[in-house]
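Biologist: I would like to learn how to read salt bridges in a model. Please take me through some cases.

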Amino acid sequence: MRVDVAVEVALVAIEGGSAVKRSVEQALARFLHPVTGGLDRNGWDFGRKPHSSDLYALLEAVPGVDHLRSLQVVENEERPGVLASGRFLVYSGTHDIRLTYAET
């Protein structure tokens, strides 16, 4: 099951925004890797989907991220019925990462 993420990231500072965006992309790719991803980096169990709370914690820990303004997770079932069967592994899909500046 492909997992696409759309996220709006509020930055700590405007400087270095492109580096933060790359770090967010890399964090998502690592976390959603079917064999080496997940919370313990031992891969995903069959039938387990990522929780939004896991993604919030993951992305808010990226250096330069103040907080997430929005997060949307889209699960793309590539074969009809695979979600209902529980016989799937997640993998990283296409991510839409938007940056904003968090003024204090």
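Modeller: Start with Asp4 and Arg2, whose side chains meet in a salt bridge, N to O at 3.1 Å. This is a predicted model.

Biologist: What makes such a pair a salt bridge?

Modeller: The cut-off is within 4 Å, from a side-chain nitrogen of Lys or Arg to a carboxyl oxygen of Asp or Glu. Asp4 and Arg2, at 3.1 Å, are one case.

Biologist: Is Asp4 buried or exposed?

Modeller: Buried means under 20% relative accessible area. Asp4 has 13% relative accessibility, so Asp4 counts as buried. Arg2 has 26%, so Arg2 counts as partly exposed.

Biologist: Which residues are linked with Arg2 and Asp4 in a network?

Modeller: Glu78 joins them: Arg2, Asp4 and Glu78 form a network of salt bridges.

Biologist: Which side chain meets Arg48 in a salt bridge?

Modeller: That of Asp54, with N to O at 3.3 Å. Asp54 is buried, with a relative accessible area of 14%. Arg48 is partly exposed, at 26% relative accessibility.

Biologist: How far apart are the closest N and O atoms of Asp96 and Arg98?

Modeller: They are 2.9 Å apart, and the pair forms a salt bridge. Asp96 has a relative accessible area of 39%, so Asp96 is partly exposed. Arg98 is also partly exposed, at 34% relative accessibility.

Biologist: How many salt bridges does the rule give?

Modeller: The count comes to five. Among them are Asp4 with Arg2, Arg48 with Asp54, and Asp96 with Arg98.

Methods. Residues numbered from 1 in each chain as written. Predicted model: local features only at pLDDT ≥ 70, side-chain atom pairs only at ≥ 80, totals over all residues. Heavy atoms only, no water. Buried < 20%, exposed > 50% of the residue type's maximum accessible area, 1.4 Å probe, protein only.
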